[in-house]
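Here is a briefing on the structure shown below. Please keep it in view while reading.

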Amino acid sequence: MVKIIAKGWRPLTVLLLLFIVWETVAIKSGVPDWLLPTPTKIFYEGFNGWFNFYPNLLSTIKLSLLGFALGLLIGLLTAILLHLLPFIRESIYPLLIISQNIPIIVLAPLLVIWFGFGLLPKMIVITLVCFFPITVAALDGFKQTSNELKHYMIMAGASNKQLFWKLELPYALPSLFSGLKISATYSVMGAVISEWLGAKEGIGVYMTLASSSFRTDRVFVAIFAIVALSLLFFSIIVLIERWLVRWQLKGAK
Amino acid sequence: MSHLTVSNISKQFDKNEVIKNLAFTVEKNEFVSILGPSGSGKSTIFSLIGGILSPDQGTIHLDHQVINGKRGFISYMPQTPSLLPWRTIVENVLLGQELQGKKEKEAALDMIDIAGLTGYENAYPHELSGGMKQRVSFIRALLSPQSIICLDEPFSALDELTRLDMQKWLLSIWEEHRRTILFVTHNIEEALFLSDRIIVLSNKPSQVAAEFHVPFSRPREESLFLEDEFLEWKRKIYYSLRKAQAPCSAAYGLEHSNRDKGNTVSIAARC
(Lines give C-alpha, C1' and ligand atoms only; values in the text may rest on other atoms or scores of the structure.)
Protein backbone atom coordinates (compact mmCIF):
# COMPACT_ATOMS: atom_id res chain seq x y z
CA MET A 1 0.00 0.00 0.00
CA VAL A 2 2.80 2.37 0.95
CA LYS A 3 4.47 1.39 -2.32
CA ILE A 4 1.38 2.31 -4.33
CA ILE A 5 1.25 5.77 -2.71
CA ALA A 6 4.98 6.25 -3.17
CA LYS A 7 4.75 5.34 -6.85
CA GLY A 8 1.31 6.74 -7.58
CA TRP A 9 1.61 10.36 -6.48
CA ARG A 10 3.34 11.51 -9.67
CA PRO A 11 0.64 10.51 -12.22
CA LEU A 12 -2.04 11.63 -9.75
CA THR A 13 -0.48 15.09 -9.52
CA VAL A 14 -0.33 15.34 -13.29
CA LEU A 15 -3.98 14.31 -13.51
CA LEU A 16 -4.96 16.89 -10.91
CA LEU A 17 -3.01 19.59 -12.74
CA LEU A 18 -4.77 18.62 -15.96
CA PHE A 19 -8.15 19.00 -14.28
CA ILE A 20 -7.18 22.42 -12.90
CA VAL A 21 -6.05 23.65 -16.33
CA TRP A 22 -9.22 22.23 -17.91
CA GLU A 23 -11.40 23.92 -15.28
CA THR A 24 -9.72 27.34 -15.68
CA VAL A 25 -9.71 27.24 -19.47
CA ALA A 26 -13.36 26.15 -19.59
CA ILE A 27 -14.44 28.93 -17.23
CA LYS A 28 -12.25 31.73 -18.69
CA SER A 29 -13.17 31.01 -22.32
CA GLY A 30 -16.87 30.70 -21.54
CA VAL A 31 -17.35 27.52 -23.57
CA PRO A 32 -20.97 26.37 -23.17
CA ASP A 33 -21.53 23.29 -21.01
CA TRP A 34 -22.93 21.16 -23.85
CA LEU A 35 -19.66 21.65 -25.71
CA LEU A 36 -17.18 21.16 -22.87
CA PRO A 37 -18.37 20.91 -19.27
CA THR A 38 -15.91 21.69 -16.47
CA PRO A 39 -14.58 18.79 -14.36
CA THR A 40 -16.48 20.03 -11.31
CA LYS A 41 -19.75 19.90 -13.25
CA ILE A 42 -18.94 16.38 -14.42
CA PHE A 43 -18.23 15.20 -10.88
CA TYR A 44 -21.36 16.95 -9.69
CA GLU A 45 -23.42 15.10 -12.30
CA GLY A 46 -21.71 11.83 -11.46
CA PHE A 47 -22.52 12.31 -7.79
CA ASN A 48 -26.10 13.56 -8.23
CA GLY A 49 -27.09 11.22 -11.00
CA TRP A 50 -25.52 8.19 -9.28
CA PHE A 51 -28.82 6.41 -8.73
CA ASN A 52 -29.66 6.78 -12.40
CA PHE A 53 -26.24 5.73 -13.46
CA TYR A 54 -25.31 2.80 -11.31
CA PRO A 55 -27.74 0.18 -12.77
CA ASN A 56 -26.05 0.92 -16.10
CA LEU A 57 -22.64 0.51 -14.52
CA LEU A 58 -23.64 -2.77 -12.94
CA SER A 59 -25.01 -4.09 -16.21
CA THR A 60 -21.78 -3.23 -18.03
CA ILE A 61 -19.67 -4.85 -15.31
CA LYS A 62 -21.69 -8.03 -15.63
CA LEU A 63 -21.47 -8.01 -19.38
CA SER A 64 -17.73 -7.40 -19.49
CA LEU A 65 -16.99 -10.02 -16.84
CA LEU A 66 -19.04 -12.58 -18.72
CA GLY A 67 -17.41 -11.62 -22.01
CA PHE A 68 -13.95 -11.66 -20.46
CA ALA A 69 -14.50 -15.10 -18.97
CA LEU A 70 -15.63 -16.42 -22.32
CA GLY A 71 -12.76 -14.69 -24.11
CA LEU A 72 -10.30 -16.14 -21.61
CA LEU A 73 -11.69 -19.63 -22.07
CA ILE A 74 -11.69 -19.47 -25.85
CA GLY A 75 -8.35 -17.66 -25.99
CA LEU A 76 -6.65 -20.18 -23.76
CA LEU A 77 -8.20 -23.20 -25.48
CA THR A 78 -7.19 -21.83 -28.88
CA ALA A 79 -3.62 -21.30 -27.66
CA ILE A 80 -3.36 -24.79 -26.18
CA LEU A 81 -4.82 -26.35 -29.31
CA LEU A 82 -2.51 -24.43 -31.63
CA HIS A 83 0.48 -25.21 -29.41
CA LEU A 84 -0.13 -28.93 -29.18
CA LEU A 85 -1.06 -29.39 -32.83
CA PRO A 86 1.53 -27.56 -34.94
CA PHE A 87 -0.12 -28.41 -38.26
CA ILE A 88 -3.30 -26.66 -37.09
CA ARG A 89 -1.24 -23.68 -35.95
CA GLU A 90 0.14 -23.17 -39.43
CA SER A 91 -3.28 -23.14 -41.02
CA ILE A 92 -5.23 -21.23 -38.37
CA TYR A 93 -2.81 -18.61 -37.06
CA PRO A 94 -3.05 -16.31 -40.12
CA LEU A 95 -6.84 -16.44 -39.87
CA LEU A 96 -6.64 -15.31 -36.25
CA ILE A 97 -4.76 -12.21 -37.34
CA ILE A 98 -7.38 -11.54 -40.01
CA SER A 99 -10.08 -11.78 -37.34
CA GLN A 100 -8.42 -8.81 -35.65
CA ASN A 101 -8.31 -6.78 -38.84
CA ILE A 102 -12.09 -6.64 -39.22
CA PRO A 103 -13.27 -3.47 -37.50
CA ILE A 104 -15.66 -4.36 -34.72
CA ILE A 105 -17.76 -1.27 -35.52
CA VAL A 106 -18.44 -2.70 -38.97
CA LEU A 107 -19.03 -6.21 -37.74
CA ALA A 108 -21.37 -5.25 -34.90
CA PRO A 109 -24.45 -4.29 -37.00
CA LEU A 110 -24.01 -7.46 -39.02
CA LEU A 111 -24.04 -9.52 -35.84
CA VAL A 112 -27.32 -7.90 -34.87
CA ILE A 113 -28.82 -8.82 -38.25
CA TRP A 114 -27.67 -12.41 -37.82
CA PHE A 115 -28.25 -12.99 -34.13
CA GLY A 116 -30.75 -10.36 -32.98
CA PHE A 117 -30.48 -8.19 -29.87
CA GLY A 118 -29.87 -10.93 -27.34
CA LEU A 119 -26.77 -11.83 -25.39
CA LEU A 120 -25.13 -13.84 -28.19
CA PRO A 121 -24.00 -11.00 -30.50
CA LYS A 122 -22.69 -9.07 -27.49
CA MET A 123 -20.67 -12.05 -26.32
CA ILE A 124 -19.27 -12.49 -29.81
CA VAL A 125 -18.11 -8.86 -29.89
CA ILE A 126 -16.41 -9.00 -26.48
CA THR A 127 -14.87 -12.40 -27.13
CA LEU A 128 -13.51 -11.26 -30.47
CA VAL A 129 -11.82 -8.33 -28.76
CA CYS A 130 -10.59 -10.34 -25.76
CA PHE A 131 -9.35 -13.69 -26.98
CA PHE A 132 -6.62 -12.51 -29.32
CA PRO A 133 -4.19 -10.95 -26.82
CA ILE A 134 -4.61 -14.01 -24.59
CA THR A 135 -3.98 -16.48 -27.40
CA VAL A 136 -0.93 -14.63 -28.70
CA ALA A 137 0.56 -14.15 -25.21
CA ALA A 138 -0.02 -17.77 -24.20
CA LEU A 139 1.41 -19.11 -27.47
CA ASP A 140 4.48 -16.93 -27.01
CA GLY A 141 4.86 -18.17 -23.46
CA PHE A 142 4.62 -21.81 -24.49
CA LYS A 143 7.19 -21.23 -27.20
CA GLN A 144 9.67 -19.57 -24.86
CA THR A 145 9.85 -22.54 -22.51
CA SER A 146 13.49 -22.99 -21.54
CA ASN A 147 15.15 -25.72 -23.60
CA GLU A 148 17.26 -26.71 -20.62
CA LEU A 149 14.22 -27.52 -18.49
CA LYS A 150 12.50 -29.22 -21.41
CA HIS A 151 15.57 -31.39 -21.98
CA TYR A 152 15.63 -32.39 -18.33
CA MET A 153 11.93 -33.23 -18.30
CA ILE A 154 12.20 -35.37 -21.45
CA MET A 155 15.33 -37.16 -20.23
CA ALA A 156 13.65 -37.85 -16.90
CA GLY A 157 10.86 -39.52 -18.81
CA ALA A 158 8.06 -36.94 -18.75
CA SER A 159 5.14 -37.73 -21.05
CA ASN A 160 3.85 -35.03 -23.40
CA LYS A 161 0.96 -34.41 -21.02
CA GLN A 162 3.30 -33.99 -18.05
CA LEU A 163 5.56 -31.79 -20.12
CA PHE A 164 2.65 -29.47 -20.83
CA TRP A 165 1.03 -29.34 -17.39
CA LYS A 166 4.16 -29.39 -15.26
CA LEU A 167 6.46 -27.27 -17.40
CA GLU A 168 5.02 -25.41 -20.37
CA LEU A 169 1.84 -24.06 -18.79
CA PRO A 170 3.47 -22.73 -15.58
CA TYR A 171 6.34 -21.38 -17.67
CA ALA A 172 3.88 -19.44 -19.84
CA LEU A 173 2.07 -17.86 -16.88
CA PRO A 174 4.00 -14.56 -16.75
CA SER A 175 3.54 -14.10 -20.47
CA LEU A 176 -0.10 -15.13 -20.27
CA PHE A 177 -0.72 -12.47 -17.65
CA SER A 178 0.55 -9.75 -19.98
CA GLY A 179 -2.17 -10.85 -22.37
CA LEU A 180 -4.76 -10.99 -19.60
CA LYS A 181 -4.03 -7.40 -18.57
CA ILE A 182 -4.66 -6.17 -22.11
CA SER A 183 -7.76 -8.31 -22.50
CA ALA A 184 -9.24 -7.24 -19.19
CA THR A 185 -9.18 -3.59 -20.22
CA TYR A 186 -10.40 -4.42 -23.73
CA SER A 187 -13.35 -6.31 -22.28
CA VAL A 188 -14.84 -3.07 -20.90
CA MET A 189 -14.49 -1.38 -24.26
CA GLY A 190 -15.97 -4.43 -25.96
CA ALA A 191 -18.92 -4.40 -23.58
CA VAL A 192 -19.67 -0.72 -24.24
CA ILE A 193 -19.49 -1.22 -28.01
CA SER A 194 -21.76 -4.23 -27.79
CA GLU A 195 -24.25 -2.16 -25.80
CA TRP A 196 -24.42 0.35 -28.62
CA LEU A 197 -25.88 -2.47 -30.71
CA GLY A 198 -28.98 -2.32 -28.62
CA ALA A 199 -29.49 -3.04 -24.97
CA LYS A 200 -31.88 -2.11 -22.20
CA GLU A 201 -29.20 -0.67 -19.97
CA GLY A 202 -25.46 -0.27 -19.69
CA ILE A 203 -22.86 2.45 -19.96
CA GLY A 204 -23.09 2.19 -23.75
CA VAL A 205 -26.83 2.89 -23.68
CA TYR A 206 -26.40 5.70 -21.15
CA MET A 207 -23.71 7.25 -23.34
CA THR A 208 -25.77 7.13 -26.51
CA LEU A 209 -28.76 8.70 -24.78
CA ALA A 210 -26.57 11.40 -23.19
CA SER A 211 -24.83 12.39 -26.41
CA SER A 212 -28.05 12.50 -28.45
CA SER A 213 -29.56 14.86 -25.87
CA PHE A 214 -26.37 16.97 -25.69
CA ARG A 215 -25.78 16.05 -22.02
CA THR A 216 -22.03 16.22 -22.53
CA ASP A 217 -21.43 16.09 -18.77
CA ARG A 218 -23.06 12.66 -18.73
CA VAL A 219 -20.94 11.52 -21.66
CA PHE A 220 -17.90 12.42 -19.57
CA VAL A 221 -19.32 10.59 -16.56
CA ALA A 222 -19.57 7.53 -18.80
CA ILE A 223 -16.02 8.01 -20.05
CA PHE A 224 -14.65 8.30 -16.52
CA ALA A 225 -16.62 5.25 -15.48
CA ILE A 226 -15.14 3.25 -18.36
CA VAL A 227 -11.63 4.37 -17.45
CA ALA A 228 -12.15 3.54 -13.76
CA LEU A 229 -13.61 0.15 -14.62
CA SER A 230 -10.71 -0.72 -16.94
CA LEU A 231 -8.22 0.29 -14.27
CA LEU A 232 -10.06 -1.79 -11.69
CA PHE A 233 -10.01 -4.89 -13.91
CA PHE A 234 -6.36 -4.28 -14.66
CA SER A 235 -5.43 -4.08 -11.00
CA ILE A 236 -7.40 -7.21 -10.14
CA ILE A 237 -5.42 -9.09 -12.77
CA VAL A 238 -2.18 -7.64 -11.38
CA LEU A 239 -3.13 -8.84 -7.90
CA ILE A 240 -3.91 -12.34 -9.14
CA GLU A 241 -0.64 -12.32 -11.06
CA ARG A 242 1.31 -11.34 -7.95
CA TRP A 243 -0.20 -14.23 -6.09
CA LEU A 244 0.19 -16.85 -8.81
CA VAL A 245 3.60 -15.82 -10.13
CA ARG A 246 5.07 -14.88 -6.75
CA TRP A 247 8.16 -17.04 -7.38
CA GLN A 248 9.12 -14.76 -10.23
CA LEU A 249 8.49 -11.44 -8.47
CA LYS A 250 10.68 -12.49 -5.60
CA GLY A 251 13.40 -13.40 -8.05
CA ALA A 252 13.18 -10.14 -9.94
CA LYS A 253 13.98 -7.83 -7.07
CA MET B 1 24.15 -60.04 -17.20
CA SER B 2 25.22 -56.49 -16.49
CA HIS B 3 22.72 -53.91 -15.34
CA LEU B 4 23.20 -51.67 -18.36
CA THR B 5 24.59 -53.17 -21.54
CA VAL B 6 25.37 -51.00 -24.51
CA SER B 7 26.19 -53.25 -27.44
CA ASN B 8 27.82 -51.92 -30.57
CA ILE B 9 25.65 -48.86 -31.03
CA SER B 10 26.22 -46.43 -33.87
CA LYS B 11 24.65 -43.08 -34.52
CA GLN B 12 25.12 -40.61 -37.30
CA PHE B 13 23.52 -37.28 -38.07
CA ASP B 14 23.31 -36.87 -41.83
CA LYS B 15 26.82 -37.86 -42.90
CA ASN B 16 28.41 -37.01 -39.56
CA GLU B 17 29.26 -40.17 -37.65
CA VAL B 18 29.10 -39.36 -33.95
CA ILE B 19 29.22 -42.83 -32.42
CA LYS B 20 30.50 -45.98 -34.06
CA ASN B 21 30.35 -49.47 -32.56
CA LEU B 22 30.35 -48.22 -29.01
CA ALA B 23 30.07 -50.98 -26.43
CA PHE B 24 30.32 -50.94 -22.66
CA THR B 25 28.53 -52.27 -19.62
CA VAL B 26 27.66 -50.96 -16.18
CA GLU B 27 27.17 -53.33 -13.23
CA LYS B 28 24.54 -52.95 -10.54
CA ASN B 29 25.54 -50.31 -7.96
CA GLU B 30 28.69 -49.48 -9.87
CA PHE B 31 29.99 -45.95 -10.39
CA VAL B 32 31.22 -45.66 -13.97
CA SER B 33 32.63 -42.52 -15.55
CA ILE B 34 32.74 -41.82 -19.24
CA LEU B 35 35.76 -39.63 -19.92
CA GLY B 36 36.16 -37.90 -23.22
CA PRO B 37 37.25 -34.66 -24.83
CA SER B 38 34.53 -32.12 -25.53
CA GLY B 39 32.76 -32.87 -28.75
CA SER B 40 33.33 -36.61 -28.42
CA GLY B 41 29.62 -37.31 -28.41
CA LYS B 42 29.21 -37.78 -24.66
CA SER B 43 25.85 -36.02 -24.60
CA THR B 44 24.68 -38.05 -27.57
CA ILE B 45 25.40 -41.24 -25.61
CA PHE B 46 23.10 -39.98 -22.85
CA SER B 47 20.42 -38.97 -25.32
CA LEU B 48 20.57 -42.52 -26.67
CA ILE B 49 20.37 -44.16 -23.24
CA GLY B 50 17.66 -41.70 -22.19
CA GLY B 51 15.66 -42.62 -25.26
CA ILE B 52 15.48 -39.16 -26.84
CA LEU B 53 17.39 -40.58 -29.79
CA SER B 54 17.44 -44.10 -31.22
CA PRO B 55 20.70 -45.72 -32.27
CA ASP B 56 21.06 -46.51 -35.98
CA GLN B 57 22.58 -49.85 -35.07
CA GLY B 58 23.06 -51.90 -31.93
CA THR B 59 20.99 -52.28 -28.79
CA ILE B 60 20.86 -50.86 -25.31
CA HIS B 61 19.74 -53.29 -22.60
CA LEU B 62 18.66 -52.43 -19.10
CA ASP B 63 18.66 -55.75 -17.29
CA HIS B 64 16.90 -57.91 -19.88
CA GLN B 65 14.86 -55.22 -21.53
CA VAL B 66 15.78 -53.45 -24.76
CA ILE B 67 15.39 -49.73 -24.16
CA ASN B 68 16.29 -48.37 -27.61
CA GLY B 69 14.32 -45.14 -28.08
CA LYS B 70 12.29 -45.66 -24.89
CA ARG B 71 12.07 -42.88 -22.33
CA GLY B 72 11.57 -43.07 -18.58
CA PHE B 73 14.13 -45.76 -17.74
CA ILE B 74 16.84 -43.53 -16.35
CA SER B 75 16.96 -40.78 -13.81
CA TYR B 76 18.94 -37.79 -14.91
CA MET B 77 21.04 -34.96 -13.57
CA PRO B 78 21.95 -32.39 -16.22
CA GLN B 79 24.86 -29.97 -16.41
CA THR B 80 22.70 -27.09 -15.16
CA PRO B 81 20.52 -27.65 -12.09
CA SER B 82 17.31 -27.32 -14.16
CA LEU B 83 15.04 -26.74 -11.18
CA LEU B 84 11.56 -25.43 -11.90
CA PRO B 85 11.60 -21.84 -10.58
CA TRP B 86 7.96 -21.90 -9.41
CA ARG B 87 8.44 -24.97 -7.24
CA THR B 88 9.87 -24.97 -3.76
CA ILE B 89 12.91 -27.13 -3.06
CA VAL B 90 10.91 -30.04 -1.70
CA GLU B 91 8.51 -29.87 -4.66
CA ASN B 92 11.49 -29.85 -7.01
CA VAL B 93 13.02 -32.84 -5.26
CA LEU B 94 9.74 -34.69 -5.69
CA LEU B 95 9.52 -33.94 -9.42
CA GLY B 96 11.52 -36.98 -10.50
CA GLN B 97 9.17 -39.26 -8.54
CA GLU B 98 6.11 -37.35 -9.66
CA LEU B 99 6.90 -38.01 -13.32
CA GLN B 100 6.85 -41.74 -12.57
CA GLY B 101 3.65 -41.48 -10.61
CA LYS B 102 4.45 -41.77 -6.90
CA LYS B 103 5.48 -39.21 -4.33
CA GLU B 104 7.15 -39.87 -0.99
CA LYS B 105 7.36 -36.56 0.76
CA GLU B 106 8.86 -38.00 3.94
CA ALA B 107 11.76 -39.54 2.05
CA ALA B 108 12.31 -36.25 0.23
CA LEU B 109 12.42 -34.27 3.47
CA ASP B 110 14.84 -36.78 5.00
CA MET B 111 17.09 -36.58 1.97
CA ILE B 112 17.04 -32.78 2.05
CA ASP B 113 18.32 -33.01 5.63
CA ILE B 114 21.02 -35.50 4.68
CA ALA B 115 22.04 -33.25 1.79
CA GLY B 116 22.66 -30.43 4.24
CA LEU B 117 19.79 -28.29 3.00
CA THR B 118 17.81 -28.26 6.23
CA GLY B 119 15.68 -25.13 6.46
CA TYR B 120 15.49 -24.65 2.70
CA GLU B 121 12.61 -27.10 2.12
CA ASN B 122 10.18 -24.33 1.25
CA ALA B 123 12.62 -21.91 -0.36
CA TYR B 124 12.53 -21.21 -4.09
CA PRO B 125 15.50 -22.16 -6.29
CA HIS B 126 16.60 -18.55 -6.84
CA GLU B 127 17.31 -18.24 -3.13
CA LEU B 128 20.00 -20.96 -3.33
CA SER B 129 23.64 -20.82 -4.42
CA GLY B 130 24.90 -22.73 -7.46
CA GLY B 131 26.31 -25.59 -5.40
CA MET B 132 23.13 -25.93 -3.37
CA LYS B 133 21.03 -26.05 -6.53
CA GLN B 134 23.21 -28.88 -7.85
CA ARG B 135 22.68 -30.76 -4.59
CA VAL B 136 18.94 -30.42 -5.04
CA SER B 137 19.29 -31.59 -8.62
CA PHE B 138 21.27 -34.63 -7.47
CA ILE B 139 18.89 -35.73 -4.74
CA ARG B 140 16.03 -35.25 -7.19
CA ALA B 141 17.78 -37.79 -9.42
CA LEU B 142 18.66 -40.02 -6.45
CA LEU B 143 15.05 -40.16 -5.25
CA SER B 144 13.64 -40.98 -8.68
CA PRO B 145 12.53 -44.59 -8.80
CA GLN B 146 14.66 -45.60 -11.80
CA SER B 147 17.57 -47.91 -11.04
CA ILE B 148 20.27 -46.02 -12.95
CA ILE B 149 21.29 -42.38 -12.64
CA CYS B 150 22.95 -40.56 -15.51
CA LEU B 151 24.96 -37.47 -14.57
CA ASP B 152 26.01 -35.19 -17.41
CA GLU B 153 29.06 -33.15 -16.34
CA PRO B 154 27.12 -31.97 -13.30
CA PHE B 155 29.92 -29.94 -11.72
CA SER B 156 31.52 -28.37 -14.76
CA ALA B 157 29.78 -25.02 -14.23
CA LEU B 158 30.92 -24.67 -10.61
CA ASP B 159 34.06 -22.97 -9.36
CA GLU B 160 37.04 -25.08 -8.30
CA LEU B 161 36.42 -25.03 -4.55
CA THR B 162 32.70 -25.67 -4.80
CA ARG B 163 33.37 -28.46 -7.24
CA LEU B 164 35.69 -30.21 -4.80
CA ASP B 165 33.12 -29.86 -2.03
CA MET B 166 30.44 -31.23 -4.30
CA GLN B 167 32.56 -34.21 -5.33
CA LYS B 168 33.19 -35.10 -1.67
CA TRP B 169 29.52 -34.55 -0.89
CA LEU B 170 28.39 -36.70 -3.81
CA LEU B 171 30.70 -39.54 -2.72
CA SER B 172 29.53 -39.41 0.88
CA ILE B 173 25.88 -39.60 -0.15
CA TRP B 174 26.50 -42.27 -2.74
CA GLU B 175 28.56 -44.45 -0.42
CA GLU B 176 25.56 -44.39 1.95
CA HIS B 177 22.86 -44.78 -0.70
CA ARG B 178 24.37 -47.00 -3.36
CA ARG B 179 22.87 -46.71 -6.83
CA THR B 180 24.11 -47.42 -10.32
CA ILE B 181 25.69 -44.27 -11.66
CA LEU B 182 26.87 -43.37 -15.13
CA PHE B 183 28.87 -40.17 -14.93
CA VAL B 184 30.03 -38.14 -17.92
CA THR B 185 32.97 -35.80 -17.44
CA HIS B 186 36.03 -34.34 -19.13
CA ASN B 187 37.90 -33.96 -15.83
CA ILE B 188 40.37 -36.79 -15.15
CA GLU B 189 40.76 -36.10 -11.42
CA GLU B 190 37.01 -36.02 -10.95
CA ALA B 191 36.61 -39.35 -12.72
CA LEU B 192 39.44 -40.95 -10.72
CA PHE B 193 38.22 -39.65 -7.39
CA LEU B 194 34.62 -40.75 -7.87
CA SER B 195 34.48 -43.88 -9.99
CA ASP B 196 34.95 -47.61 -9.79
CA ARG B 197 35.65 -47.76 -13.48
CA ILE B 198 36.58 -45.22 -16.16
CA ILE B 199 35.75 -45.54 -19.82
CA VAL B 200 37.87 -43.33 -22.10
CA LEU B 201 36.26 -42.31 -25.36
CA SER B 202 38.03 -41.65 -28.62
CA ASN B 203 37.42 -38.68 -30.87
CA LYS B 204 34.47 -38.73 -33.22
CA PRO B 205 33.19 -41.20 -34.17
CA SER B 206 33.23 -42.24 -30.52
CA GLN B 207 34.44 -45.65 -29.50
CA VAL B 208 35.81 -47.01 -26.26
CA ALA B 209 39.51 -46.18 -26.45
CA ALA B 210 40.47 -47.60 -23.07
CA GLU B 211 38.97 -48.85 -19.86
CA PHE B 212 40.42 -48.61 -16.34
CA HIS B 213 39.42 -50.19 -13.07
CA VAL B 214 40.15 -47.65 -10.37
CA PRO B 215 41.85 -49.49 -7.49
CA PHE B 216 41.36 -47.00 -4.64
CA SER B 217 39.39 -48.32 -1.69
CA ARG B 218 36.30 -46.63 -0.33
CA PRO B 219 35.44 -44.49 1.52
CA ARG B 220 37.76 -42.09 -0.25
CA GLU B 221 39.17 -38.97 1.36
CA GLU B 222 40.25 -35.67 -0.12
CA SER B 223 43.88 -36.52 0.68
CA LEU B 224 43.70 -39.10 -2.11
CA PHE B 225 44.21 -36.29 -4.61
CA LEU B 226 47.83 -35.86 -3.49
CA GLU B 227 48.87 -39.49 -3.21
CA ASP B 228 51.54 -40.76 -5.59
CA GLU B 229 49.39 -43.60 -6.79
CA PHE B 230 46.60 -41.18 -7.65
CA LEU B 231 48.97 -38.97 -9.64
CA GLU B 232 50.37 -41.99 -11.42
CA TRP B 233 46.89 -43.03 -12.43
CA LYS B 234 46.17 -39.52 -13.53
CA ARG B 235 49.21 -39.60 -15.82
CA LYS B 236 48.22 -42.97 -17.21
CA ILE B 237 44.72 -41.84 -18.05
CA TYR B 238 46.00 -38.55 -19.39
CA TYR B 239 48.19 -40.37 -21.90
CA SER B 240 45.44 -42.69 -22.95
CA LEU B 241 43.12 -39.72 -23.43
CA ARG B 242 45.78 -37.97 -25.54
CA LYS B 243 46.31 -41.08 -27.56
CA ALA B 244 42.59 -41.41 -28.13
CA GLN B 245 42.40 -37.82 -29.20
CA ALA B 246 45.35 -37.65 -31.58
CA PRO B 247 46.03 -41.04 -33.09
CA CYS B 248 49.34 -40.06 -34.68
CA SER B 249 52.74 -41.59 -34.01
CA ALA B 250 54.04 -38.72 -31.90
CA ALA B 251 51.39 -39.35 -29.28
CA TYR B 252 52.07 -43.08 -29.32
CA GLY B 253 55.71 -42.46 -28.73
CA LEU B 254 55.02 -40.07 -25.89
CA GLU B 255 52.98 -42.57 -24.00
CA HIS B 256 56.06 -44.64 -23.35
CA SER B 257 58.48 -41.81 -22.71
CA ASN B 258 58.49 -40.18 -19.33
CA ARG B 259 58.71 -36.56 -20.28
CA ASP B 260 57.19 -33.85 -18.16
CA LYS B 261 53.64 -32.78 -18.79
CA GLY B 262 54.29 -29.42 -20.44
CA ASN B 263 56.30 -31.06 -23.19
CA THR B 264 53.61 -33.60 -23.84
CA VAL B 265 50.96 -30.97 -24.34
CA SER B 266 52.98 -29.00 -26.85
CA ILE B 267 53.90 -32.04 -28.93
CA ALA B 268 50.47 -33.61 -28.78
CA ALA B 269 48.92 -30.33 -29.84
CA ARG B 270 51.10 -30.19 -32.92
CA CYS B 271 49.92 -33.46 -34.42
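**Helix α6 of chain B**

B:L194 sits in helix α6 of chain B. This is a predicted model, where local features need pLDDT of at least 70, side-chain atom pairs count only at pLDDT 80 or more, and totals for chains, interfaces and linings use all residues. Residues are numbered from 1 along each chain as its sequence is written, chains are lettered from A in the order in which they are written, and side-chain values use heavy atoms, with hydrogens and water left out. Helices (H or I, at least four residues) and strands (E, at least two) are DSSP runs, numbered from the N terminus.

- B:L194 has a relative accessible area of 0%, so it is buried. Buried means under 20% relative accessible area, exposed over 50%, and partly exposed in between (1.4 Å probe, protein chains only).
- Contact means heavy atoms within 4.5 Å. Leaving out residues up to four places away in sequence, B:L194 touches B:F31, B:Q167, B:L170, B:L171, B:F183, B:R218 and B:R220.
- B:L194 and B:I9 are 185 residues apart in sequence and 26 Å apart in space, C-alpha to C-alpha.
- B:E190 also lies in helix α6, which covers residues 188-194.
- B:E190 is buried but has no salt bridge. A salt bridge is a side-chain nitrogen of Lys or Arg within 4 Å of a carboxyl oxygen of Asp or Glu.
- The nearest side chain of opposite charge to B:E190 is B:R163, 4.9 Å away. Lys and Arg count as positive, Asp and Glu as negative; His and the chain ends are not counted.
- Beyond neighbours within four places in sequence, B:E190 contacts B:F155, B:R163, B:Q167, B:F183 and B:T185.

**Nonpolar cores and domains**

- A nonpolar core is a set of buried Ala, Val, Leu, Ile, Met, Phe, Trp, Tyr and Cys residues joined through side-chain atoms within 4.5 Å.
- The largest nonpolar core has 94 residues. Among the members that touch the most others are A:M153, B:F24 and B:L182.
- Helix α8 (residues 160-196) of chain A gives the most to this core, with 13 residues.
- Domain 1 (4-73 + 146-270) and domain 2 (80-145) of chain B both give residues to this core, so it lies between them. These bounds come from an automatic or database domain assignment.
- A second, separate core of 54 residues includes B:M77, B:L94, B:I173 and B:Y239.
- The centres of the two domains of chain B, taken over C-alpha atoms, are 26 Å apart.
- 15 residues of domain 1 of chain B are in contact with 14 residues of domain 2 of chain B.

**Helix α4 of chain B**

- Helix α4 of chain B (residues 130-143) has 14 residues and reaches 20 Å from its first C-alpha to its last. That is close to the expected 20 Å at 1.5 Å a residue, where the expected span is 1.5 Å times one less than the number of residues.
- Eleven of the 14 residues of this helix are buried, including B:M132, B:F138 and B:R140.

**Backbone details in chain B**

- The peptide bond from B:R218 to B:P219 is cis, with omega near -5°.
- B:P219 lies in the loop between β10 (208-213) and α7 (228-245).
- B:N21, in strand β2 (residues 16-26), has a positive phi near 50° and is not glycine.
- B:N21 counts as partly exposed, at 37% relative accessibility.
- B:E153, in the loop between β7 (148-152) and α5 (160-176), has a positive phi near 40°.
- B:E153 is buried at 12% relative accessible area.
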